[in-house]
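I opened this model to look up a few things and wrote them down as I went. The entries follow in the order of looking.

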Amino acid sequence: RPVVTRPEAQVIDMTSRSNTLADREIVPSEQTFGFLGLGMMGSTIVKDLIYTGHKVVVWNRTIDKCQPFAEAGAEVKDTPMDVVEAADIIFCCVSDPKGAKDLVFGNCGVLQLKDLNNKAYVEMSTIDPDTSLDIGEGIKQCNGRYLEAQIHGSRQEAADGMLIILAGGDRSVFEECHSCFKTIAKNTFFLGNIGNACKVNLILQTILGVSLVGLAEALALADRFSISLNDIIDILDLTSMKSTMLLAKGKEMAKGDFNPQQPLSHMQRDLRLVLNMAENLDQSMPVTSITNEVFKHTKRLGYSEHDSSAVFVRSRF
Ligand code: NA7
């Protein structure tokens, strides 16, 4: 198996601002916002919230990642529970459903506080509807309010303030998050009950995952014929099939540049969640199943932390 170089560690640039912020006239909410999880998405979001004048309290499992935010004016806490005590509305943005549940139900988690006193908890980590229902139930049983706010978009779209927010659950929380959502997103949708936003987000990810594997296989075939991939992309651009995503990902595949905008491990996690959802409904999804296998295999080849477009490498074998 060839040795695969890990992508360079991404470092958040605390000085960069998205161009979109200048046009949005954001009046920051007076409430204090807690933030659990300062990965690439969380960091990008918190940076812009601080810049637009929101009061922010943060926690991250690896504590070192909090330092630049402390310097930028955020308060740093030792545990998720401490963040909940200090904030009115708490956002969570971690890798997966297990991490999201740990932060709520685990030791030093949110529910250790017993009485949330009408505080709001907003789940931004990509999760499945059942996990969201469990978290929502736990929060409500402790007198809290719950909103799932799934963030659809790449790390670059987060940096540009161009995410799409898909929300479900408590409408009052959705309204109270208005200035935060306006800071980070180009559109927000309130989709009703808990679970609906998770379903919509995972359905969109299914379209993305299946499209990427189709693109990768087609470009790999072109490569076998020694047809220039750039020519294929230029021609694709002139057809009715063109889309910003297909063109951007095609260019990345042609260059072999898999700088993680949407890490491959996240894409495979999403497909796994989709298939579990479908399983519960006896819904047949043969193409998605194969797509999941393709991403799983690419992960095994060492491309977990690369962009999802690295699926092209596997197609070329
Ligand atoms: P990253 O950059 O991989 O960051 C993942 C974050 O999740 C990071 O802060 C991790 O903490 C944290 N994490 C992961 N597992 C846990 C557990 N078990 N407990 C606490 N914290 C945890 O991902 P992104 O920021 O790109 O994406 C985050 C979410 O946004 C994801 O669901 C996307 O789909 C949308 P660490 O720094 O490793 O200590």
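Predicted model: local features only at pLDDT ≥ 70, side-chain atom pairs only at ≥ 80, totals over all residues.

A backbone N or O atom of Val-94 lies 2.8 Å from an oxygen atom of the ligand. I then looked up which elements give two or more residues to the shell around the ligand, and found H1, H4 and helix H12 (264-280). Next I noted two side chains. Asn-60 has a polar side-chain atom 2.7 Å from a ligand oxygen atom. For Lys-65, a polar side-chain atom is 2.5 Å from an oxygen atom of the ligand. I also checked how much of the ligand is covered: taken alone it exposes 790 Å², and the protein buries 85% of that. I counted 23 residues around the ligand, the closest being Met-41, Asn-60, Thr-62, Lys-65 and Thr-126.

**Helix H4.** I looked up the buried residues of H4 (residues 97-105) and got Pro-97, Ala-100, Leu-103 and Val-104. They lie on the same side of H4, because they cover an arc of only 130° around the axis.

**Cores.** The largest nonpolar core has 33 residues. Those with the most contacts inside this core are Phe-35, Val-58, Phe-91, Met-124 and Phe-181. Helix H1 (residues 40-51) gives the most to this core, with five residues. I noted a second, separate core of 26 residues, which includes Leu-208, Leu-264, Val-294 and Val-313.

Is His-152 buried or exposed? It counts as buried, because its relative accessibility is 18% and the cut-off is under 20%. I placed His-152 in strand E6 (residues 145-152). Its side chain is joined to that of Asn-201 by a polar contact of 3.1 Å. Leaving out residues up to four places away, His-152 touches Leu-163, Ile-164, Leu-166, Asn-201, Leu-204 and Gln-205.

Gln-205 counts as buried, at 4% relative accessibility. Beyond four places in sequence, Gln-205 touches His-152, Gln-262, Met-267, Asp-270 and Leu-271.

Terms used
Residues numbered from 1 in each chain as written. Heavy atoms only, no water. Core = buried A, V, L, I, M, F, W, Y, C linked by side-chain atoms within 4.5 Å. Buried < 20%, exposed > 50% of the residue type's maximum accessible area, 1.4 Å probe, protein only. Helix = DSSP H or I, 4+ residues; strand = E, 2+ residues; numbered from the N terminus. Arc of directions from axis to C-beta. Near = heavy atom within 4 Å. Polar contact = N/O pair within 3.5 Å; in protein donor to acceptor, adjacent residues only side chain to side chain. Areas by Shrake-Rupley, 256 points an atom, 1.4 Å probe, with all protein chains shown as cover. Contact = heavy atoms within 4.5 Å.
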